[in-house]
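Let's take a walk through a protein model together.

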Amino acid sequence: MNRVEKVFQSLKQNKEKAFVPYIMAGDGGLETLAEKITFLEKAGATAIEIGIPFSDPVADGPVIQQAGIRALEAGTTLRGVLAKIAEIRPIVHIPLIFMTYMNPIMAYGIGNFISDASRSGVDGLILPDLPAEEEEIIAPIAERSGIEIIRLVTLTSPLERIEAIAAKGKGFLYAVTVNGITGARKEFKDELGKHLEKVKDVSPIPVLAGFGISEPEHVKEMNQHCDGVIVGSKIIELFQSGELAKVEELIASSKIEEIKL
């Protein structure tokens with residue numbers, strides 16, 4: 001059982017909701033990564049999703065794209081991020097999950113990447129451009145090395161496909177809440193709650209909602225229908241503007257008193 005499984009088992013036992021913030025590695029310089037991670041852990045993050053900058057981020061909206069460009073211009077590389085994670089892993093206790101695309105991993109070498117990621121203390125991978133039908137190229141070796149593949153399902157995924165995808169995982173299922181790319185939204189479709197509850201009904205693992213969540217009210221709303229949230233673009237914006245108190249407020253909004261099971 002790796003850190004991802006352990007933390008979600010603990011949340012279930014304590015009837016708590018998850019909050020997973022996303023940051024872009026190297027945005028502001030790779031030397032800022034440790035400070036951001038330790039801040040988020042202290043603020044109460046369940047786990048941290050760490051974006052790896054890539055030149056063609058097809059799932060990402062403007063905020064994350066720009067963060068990736070800044071990171072690339074600062075000279076951030078996948079190898080450099082792994083080295084930095086290895087440095088800070090001894091003082092960070094929550095799961096660290098990489099969000100990357102397959103191209104950087106293929107260029108690195110799948111076996112070499114998984115080996116180095118495992119040694120560095122990476123706990124999970126989110127790979128938005130890897131279809132479930134092709135995941136055998138990386139999933140078995142990753143999971144043998146203690147790295148959980150976090151799989152995604154969308155609003156348009158048929159229920160039987162969602163059930164099949166969820167059955168493969170041991171960490172959590174990433175339920176995309178919008179049709180399109182990442183980025184803060186003001187509101188969501190009325191039927192989203194029912195969709196999330198259907199996903200939760202067929203999933204043997206926790207379900208987290210992500211894409212577009214940007215306000216404490218969104219967090220509380222989503223938590224009525226699933227097991228937690230992932231927040232990306234808004235976290236990046238708040239770090240960029242130095243509004244750390246608002247980051248803490250977002251994370252704290254997941255600590256609601258009444259939980260709908």
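This is a predicted model: local features need pLDDT of at least 70, side-chain atom pairs count only at pLDDT 80 or more; totals for chains, interfaces and linings use all residues.

Let's begin with the aromatic rings. The model has five aromatic pairs, and we'll visit two of them. One is made by Tyr-108 and Phe-113, which sit edge-to-face, with 5.9 Å from centre to centre and 80° between the planes. Are these two residues buried or exposed? Both Tyr-108 and Phe-113 are buried. Tyr-108 has another neighbour to look for: Arg-79 lies over the face of its ring, 4.3 Å from the ring centre.

Now find Tyr-174 and Phe-211. Their ring centres are 6.0 Å apart and the planes stand at 90°. Planes over 60 degrees apart count as edge-to-face, so that's the label for the pair of Tyr-174 and Phe-211.

Phe-211 isn't a glycine, yet its phi is positive, at about 95°. Its relative accessibility is 11%, and buried means under 20%, which is why Phe-211 counts as buried.

Next, compare that with Lys-15. Here's another residue other than glycine with a positive phi, this time near 55°. You'll find Lys-15 in the loop between helix H1 (3-14) and strand S1 (18-24). Is Lys-15 buried or exposed? Its relative accessible area is 56%, and the cut-off for exposed is over 50%, so Lys-15 is exposed.

Time for some helices. Pick out helix H2 (residues 33-43) and helix H4 (residues 78-88): their axes come within 10 Å and cross at roughly 50°. Angles under 35 degrees would count as roughly parallel, and 65 to 115 as roughly perpendicular, so H2 and H4 are oblique to each other. The crossing of H2 and H4 is right-handed. Which residues meet there? From H2 come Leu-33, Ala-34 and Ile-37, and from H4 come Val-81, Lys-84, Ile-85 and Ile-88. While you're looking at this part of the sequence, check Lys-36 as well: its charged end sits over the ring of Phe-239, 5.6 Å from the centre.

A second pair of helices is H8 (residues 159-166) and H9 (residues 192-202). H8 and H9 pack at an angle of about 50°, and their axes are 9 Å apart. On the H8 side, the contact is made by Leu-159, Ile-162 and Glu-163. On the H9 side, look for His-195, Lys-198, Val-199 and Val-202.

Our last stop is Lys-246, which you'll find in helix H12 (residues 244-252). With a relative accessible area of 42%, Lys-246 is partly exposed. How far is its C-alpha atom from that of Ile-235? The two C-alpha atoms are separated by 8.8 Å, and the residues are 11 apart along the chain.

Definitions and conventions: Residues are numbered from 1 along each chain as its sequence is written. Side-chain values use heavy atoms; hydrogens and water are left out. Rings of Phe, Tyr and Trp (its six-membered ring) pair if their centres lie within 6.5 Å; planes under 30 degrees apart count as stacked, over 60 as edge-to-face and the rest as tilted. Buried means under 20% relative accessible area, exposed over 50%, partly exposed in between (1.4 Å probe, protein chains only). A charge sits over a ring if NZ of Lys or CZ of Arg is within 6 Å of the ring centre and within 35 degrees of the ring normal. Axes are lines fitted to C-alpha atoms, for helices over the stretch in contact, and angles run from 0 to 180 degrees between N-to-C directions. Helices (H or I, at least four residues) and strands (E, at least two) are DSSP runs, numbered from the N terminus. Contact means heavy atoms within 4.5 Å. Angles under 35 degrees count as roughly parallel, over 145 as roughly antiparallel, 65 to 115 as roughly perpendicular and the rest as oblique. A crossing is left-handed if the near helix is turned anticlockwise from the far one by less than a right angle, and right-handed if clockwise.
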